[in-house]
Amino acid sequence: LRVRVVRPKQDETLIAEVVILLVLGADAGAKPDAPTWDRLFAGLETLAERQAVVKLLQADKQARGVLVTFLRVNKGPVGVDRALGLVLALGLSETADWAAEVALDGKSPVQGRAVALLLLGKLGDKRLLRRLAPLLTDTTPVGSRKLGPVTLKAEMRDVALATLVRLEGGE
């Protein structure tokens, strides 16, 4: 199945075509391989860069619902961090509870948990403060960055603190 998902001046029909692809991709009998998943996500990520498409998607509650369900249940081999990154790019605030589940799940991949917290910092609200507070003691390493002679190291609690400050109303 080959579909061109980036076509100028056809954004209105594009959303319907994307929904059809997502429904087909979610079919239990379809079982797409890893390269197919990668192409599907790459296409969705490309669409997330087009403001006209994002605006149409945000206005279409049913299409958003299909996309959120697809991303939550059918990540395939691309991973939860890539699925949540796409949610963040599309501004799908209805995923806050899912993102909180991922962030709090110590068995989830670290990068996915960190992306979930970043998503919550942007799309979440104050009702999540108490729920996410336990992450302030999570010393799981998230990443490091060399800055001159110094290596900066981040832990899950650092990402959680930034998210909680943002949810509280700080910038």
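A salt bridge is a side-chain nitrogen of Lys or Arg within 4 Å of a carboxyl oxygen of Asp or Glu. Keep that in mind, and look for Asp97, Asp125, Arg127 and Arg131, which are linked in a network of such bridges. What you're looking at is a predicted model, where local features need pLDDT of at least 70 and side-chain atom pairs count only at pLDDT 80 or more, while totals for chains, interfaces and linings use all residues. Residues are numbered from 1 along each chain as its sequence is written, and side-chain values use heavy atoms, leaving out hydrogens and water.

Let's start with helix α7, residues 110–123. (Helices are DSSP runs of H or I with at least four residues, strands are runs of E with at least two, and both are numbered from the N terminus.) Of the 14 residues in α7, 10 are buried, so the rest of the structure largely encloses this helix. Here, buried means under 20% relative accessible area, exposed means over 50%, and partly exposed is in between, using a 1.4 Å probe and protein chains only. Among the buried residues of α7 are Gly112, Arg113 and Leu123. And what do they pack against? The buried residues of α7 pack against α5, α6, α8, β1 and α9, where contact means heavy atoms within 4.5 Å.

Now zoom in on arginine 113. Its side chain meets that of aspartate 138 in a salt bridge, 2.7 Å from N to O. The pair links distant parts of the chain, with aspartate 138 in the loop between α8 and β1 and arginine 113 in helix α7, 25 residues apart. Are these two buried or exposed? Both aspartate 138 and arginine 113 are buried. Arg113 also touches serine 108, a residue in the loop between α6 and α7. Serine 108 is buried too, at 15% relative accessible area.

Arginine 131 is partly exposed at 33% relative accessibility, and aspartate 97 is partly exposed at 34%.

One more bridge joins lysine 126 and glutamate 168, with 3.9 Å between the closest N and O atoms. Lysine 126 is in the loop between α7 and α8 and glutamate 168 is in helix α9, so the pair ties together parts 42 residues apart in sequence. In total, a search of the whole structure finds 10 salt bridges.

Methods: Expected span 1.5 Å × (residues − 1). Lists of a residue's contacts leave out its neighbours within four places in sequence.
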